[in-house]
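This report describes parts of a predicted model. It takes up a sheet and then the packing of helices.

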Amino acid sequence: MSFAKAQDLIRLARLAATRRTGIGLDEICEEFGVSHRTAQRMTDALETVFTNVEAVDGDDRRRRWRVADPMLDRLQTRQETAVEALEIAGRTARGDGRLRHAAALEDLRDGLLARLTPKDALRTEADVEAVLLAMGSVTRPGPRVNLAPAVLDAVIEGLRGPFRLRVRYRDEVAPERIIEPHGLLLGHRSYLVARQPARGEDMLNFRMDQILSAQTLDESFSLMPGFSLEDYAAQSFGVYQDPAQYDEVIWRFAPHAAARAAEFCFHPKQTVEVQEDGGLIVRFHAAGWLEMAWYLYQWGDAVEVIAPEGLRTLVEHHRRSDFGALP
């Protein structure tokens with residue numbers, strides 16, 4: 001068996017041991033990027049090398065493999081990638097003000113390092129630091145609004161319950177609001193998606209940077225039946241929701257910008273059409289004209305708004321031809 005195949009077999013054994021229901025052929029194909037036949041050969045090798053492998057046929061008539069009491073924790077494989085991923089996620093969480101998540105990720109990272117020998121731990125930390133220093137994306141360049149960690153912690157606790165929240169806005173003389181949190185939209189501006197029973201059943205967006213204080217109440221509530229944060233977020237281009245602006249959006253990218261535009265996903269439910277002249281039409285349904293205008297500006301005159309008319313009017317006199325590069 002080659003060294004690479006041995007590594008894959010150890011990884012497969014770990015997956016089969018740590019997943020409660022084991023692992024099936026389709027998951028092996030996805031995890032290792034192999035064909036169905038290769039996945040079958042890998043499970044044959046798993047059963048040959050390990051004596052404590054169980055093959056179980058589920059209700060869906062698909063076979064899954066489990067490794068019972070594997071003692072695989074004694075096989076210490078290199079952890080650089082896992083430590084890198086946890087470090088990046090931890091720094092991102094801390095930058096967002098999610099201190100609780102950052103602390104949990106740092107504990108996981110430290111736990112991985114503690115399982116290594118001092119020599120391997122020192123080498124892993126050095127390798128990880130070298131990678132992180134070379135990854136500018138970890139610092140998340142560009143402007144963003146800072147969130148208050150105490151407010152974010154209260155919101156996360158409310159979402160976990162779910163529990164009602166008592167919130168108070170900055171510079172607001174109105175009484176405190178009691179709201180029912182359903183989700184959090186993170187972006188250049190972050191919004192808490194919640195119902196405010198005193199104002200009806202509609203979902204509202206509350207700007208996180210404008211919340212002065214938030215308190216998790218010992219009051220549970222029922223989530224709106226059928227509510228999906230993914231579907232709710234898809235109603236807008238960015239994070240701003242405006243039902244009056246929700247409509248079909250059509251952008252046409254010029255032939256010289258079409259290839260570059262095709263590399264972007266502007267909206268999770270977009271469709272694209274290549275034009276005879278080499279241009280590209282992008283269609284989706286969303287609201288938030290102002291956020292669209294902010295984004296479209298950087299494309300200069302390489303993009304034309306076909307619809308809606310309100311957005312077309314908003315950007316009409318701001319399309320420049322002197323930008324030296326495309327986004």
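## Sheet and helix packing

Strand β5, residues 177-185, pairs with strand β6, residues 191-195, through five bridges in the antiparallel sense. Within this part of the model, Gly183 lies opposite Val193 of β6.

Both strands belong to an open sheet of five strands, ordered β7-β6-β5-β4-β8, with antiparallel pairing. The edges are held by β7 (203-207) and β8 (211-220); each has a single partner strand, so one side of each has no neighbour in the sheet. On average, neighbouring strands here are turned by 45 degrees against each other, with direction ignored.

Helix α7 packs on this sheet and touches β4 (163-169), β5, β6 and β8. The direction of α7 makes about 25 degrees with that of β8.

Helix α7 also meets another helix. Two packed helices are described by the angle between their axes and the distance between the axes. For α5 (residues 99-114) and α7 (residues 149-160), the axes come within 8 Å and cross at roughly 80 degrees. Angles of 65 to 115 degrees count as roughly perpendicular, so α5 is roughly perpendicular to α7.

| Helix | Residues in the contact |
|---|---|
| α5 | Leu99, Arg100, His101 |
| α7 | Pro149, Asp153, Ile156, Glu157, Arg160 |

By type, the residues of the contact of α5 with α7 comprise three nonpolar, one polar and four charged.

Definitions and conventions: Residues are numbered from 1 along each chain as its sequence is written. This is a predicted model: local features need pLDDT of at least 70, side-chain atom pairs count only at pLDDT 80 or more; totals for chains, interfaces and linings use all residues. Side-chain values use heavy atoms; hydrogens and water are left out. Axes are lines fitted to C-alpha atoms, for helices over the stretch in contact, and angles run from 0 to 180 degrees between N-to-C directions. Helices (H or I, at least four residues) and strands (E, at least two) are DSSP runs, numbered from the N terminus. Angles under 35 degrees count as roughly parallel, over 145 as roughly antiparallel, 65 to 115 as roughly perpendicular and the rest as oblique. Contact means heavy atoms within 4.5 Å. Ala, Val, Leu, Ile, Met, Phe, Trp, Tyr, Cys and Pro count as nonpolar, Asp, Glu, Lys and Arg as charged, and the others, Gly among them, as polar. Two strands pair if DSSP finds at least two bridges between them.
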